[in-house]
Amino acid sequence: MLVVCYGRVREEDEDSDDDGSDDEIDESLAAQFLNSGSVRHRLQFYIGEHLLPYNMTVYQAVRQFSLLPEEERESTDDEANPLGRAGIWTKTHTIWYKPVREDEDGCKDAVGGKRGRAQTAPTKTSPRNAKKQDELWHDGVCPSVSNPLEVYLISDPPEGITFDDPSLEVILLLRVLHSISRYWFYLYDNAACKEIISTGEFINSKLTAKANRQLQDPLVIMTGNIPTWLTELGKTCPFFFPFDTRQMLFYVTAFDRDRAMQRLLDTNPEINQSDSQDSRVAPRLDRKKRTINREELLKQAESVMQDLGSSRAMLEIQYENEVGTGLGPTLEFYALVSQELQRADLGLWRGEEVTLANPKGSQEGTKYMFSSRGLFAVPFGRSTKPAHIAKIKMKFRFLGKLMAKAIMDFRLLDLPLGLPFYKWMLRHESSISSHDLVNIDPVVAKSIQHLEDIIRQKRRLELDQSHVSRNIIVLVLMRAVGCDYHRTRETLQEALESLNMNGCSVEDLGLNFTLPGFPNIELKKGGKDVPVTIHNLEEYLRLVVYWTLNEGVSRQFESFREGFESVFPLHHLQYFYPEELDQLLCGSKSETWDVKTLMECCRPDHGYTHDSRAVRFLFEVLSSFDAEQQRLFLQFVTGSPRLPVGGFRSLNPPLTIVRKTFESTENPDDFLPSVMTCVNYLKLPDYSSIEIMREKLLIAAREGQQSFHLS
């Protein structure tokens, strides 16, 4: 296998929890090979005339391509027997192979998509793109915004749907109705960007139940026997399923079977406790540990992602001179790197500079970027120095790797990104419009809206004038009463010049063709010397929107996508809408913690029960925490300031409260609580009052950050 480039030599110093059997090593190599986007394939495999994707198991290939259509229809239901009917095992199935032709190997792999880096990093600018850039720079001509409705308002099924079913016409109708509900405002000028019907109303409970039965069956996941209709509906009609169903479907289809099984066990712990569970179902994930210096966190994080970002192994972090290792330090690593990437001195983000409320160590005196609507990239101008561009692109490439690795390893980031960022991530940048400005800079967006109102008034005046000039009867009547047509045109000119924004004419605003907030970025060649008037205002607004959302940030996002796709392809994220990616990456948003939920989700143990005084005090204290105090507590107990989607219910292992014991002569009120982040253990003294508990918890949460020692 090594000779024909299908494997690699296992390094002697690779860290792992155990040495692993030969089978485990083979499976690890196979998983790495199947999911790698940079491996050069030497052979192609066929069943009949069907070219088999490299990420497909033999069983999947036989089930999909070797059975005749009538046999497949007669086959037993997937849910009743995921291994199919007996005939599939008695028939001989022939798989052919042949060498890959050189001209085919460099184009596309058999999975059906371009290889990772080639998608977003063209080495040369095509003549067509160069012409567009010249038109933009010299003439101020922007590409038009594409209407996302166009891909839905079609009579034929989309390419992503290949299954045939009596319900297909109804599915396509619902797909059209949902798209109209979601994107209707693209059909109107100055319409409010709000769904007519909430996407949640389109969720189909029966399809969801059927999908969940498939996705919660270990045998289905281990055999890779996910039905075609489920994956195709998940990508083309994601509104049929709730987020958690699509999240599980994503992990099942995007990664290897061991990762999918690990995700299943994390979300359904009861499967682990099943008597029928055997070692063949238990996932065997390789782990690689790295030791990080806190003083050089960002620099060493970049080095770790360069070395291990594309690895199939689970990344675990330990800090120098600290004994803690495992889940807690690793979660904290992703949270701290997320924070470091928000530093103002890096020059990555738009927004205002702020300091942290509770700085720790090197954070003191450091400025960070903040935006109320989420972070978005600072734009580049045509005159930006190449060295600065290269530096920023390198950071965005690292960010792409970090985000992809966090998703793959079930880790959470603490990076408040804006909705337009996620639209770029899903390749929706061509449909980004002035509607999205409010999610980047609300102040600029409001000014743009006022100026767009002036444009609408201008169009109405010009439309009225054009009606007059085309109506012969009106012209005759005007002459009959002695009205001069040319004087009417002068009146139009006066009316246009009288249009104003809050009492100030367009000319008096003192604008020129530079990007608001970035005077060194010209919107077109010589833009600093071109004043904005009522006559070129529309061109100015188009250029501001395009440079803010597309032209000024395209190089950053190309680098981001290149880094991301070095870990796994972005097309796997088609199961999600842009606004859902924040949940996938960062977990649950801040929400009120109520006593009832805490009682249901947290587990008292080793000296405490739900009736214990300390446990009741704790739930009351936690339910009174504000958003910042919640973040501090979560960081202290789990290593991450965010909860997974689903809140405490989805925390794995669950938050466990145990009694911290002392000598009989010691007073519990004199001690602070301690934690074991790897298992989400809170060691809580039996405090005498709720006030003392609240004080001690907050002290421990503030002072116990960024260190992992024995407690």
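The model is predicted, so local features need pLDDT of at least 70 and side-chain atom pairs count only at pLDDT 80 or more, while totals for chains, interfaces and linings use all residues. Residues are numbered from 1 along each chain as its sequence is written, and side-chain values use heavy atoms, with hydrogens and water left out. A search of the whole structure finds 29 salt bridges (a salt bridge is a side-chain nitrogen of Lys or Arg within 4 Å of a carboxyl oxygen of Asp or Glu).

**Salt bridges between distant parts of the chain**

- R246 and E580 form a salt bridge through their side chains, at 2.7 Å from N to O.
- This pair links distant parts of the chain, 334 residues apart: R246 sits in helix α12 (residues 243-254), and E580 in the loop between α22 (554-565) and α23 (581-586). Helices (H or I, at least four residues) are DSSP runs, as are strands (E, at least two), and they are numbered from the N terminus.
- Both R246 and E580 are buried (buried means under 20% relative accessible area, exposed over 50%, and partly exposed in between, with a 1.4 Å probe and protein chains only).
- R397 and E562 form another salt bridge, at 3.7 Å from N to O.
- That pair also links distant parts of the chain, with R397 in helix α16 (residues 386-408) and E562 in helix α22, 165 residues apart.
- R397 counts as partly exposed because its relative accessibility is 27%, whereas E562 has a relative accessible area of 13% and is therefore buried.

- The side chains of R456 and D453 meet in a salt bridge at 2.5 Å, N to O.
- Both residues lie in helix α18 (residues 442-470), three residues apart, which is about one turn of the helix.
- R456 has a relative accessible area of 13%, so R456 is buried; D453 has 29%, so D453 is partly exposed.
- R456 and D453 belong to one network, joined by salt bridges that share partners, together with D189, R459, E538 and R542.

**A nonpolar surface patch**

- L153, I180, I196 and I197 make a nonpolar surface patch of about 350 Å². Patches are made of residues with over 30% relative accessible area and no salt bridge; like charges are joined within 9 Å, and nonpolar side chains (Val, Leu, Ile, Met, Phe, Trp, Tyr) within 5 Å. Accessible areas come from the Shrake-Rupley method with a 1.4 Å probe, and for residues only the protein chains shown count as cover.
- L153 is in the loop between α7 (127-139) and α8 (168-183).
- L153 counts as partly exposed because its relative accessibility is 48%.
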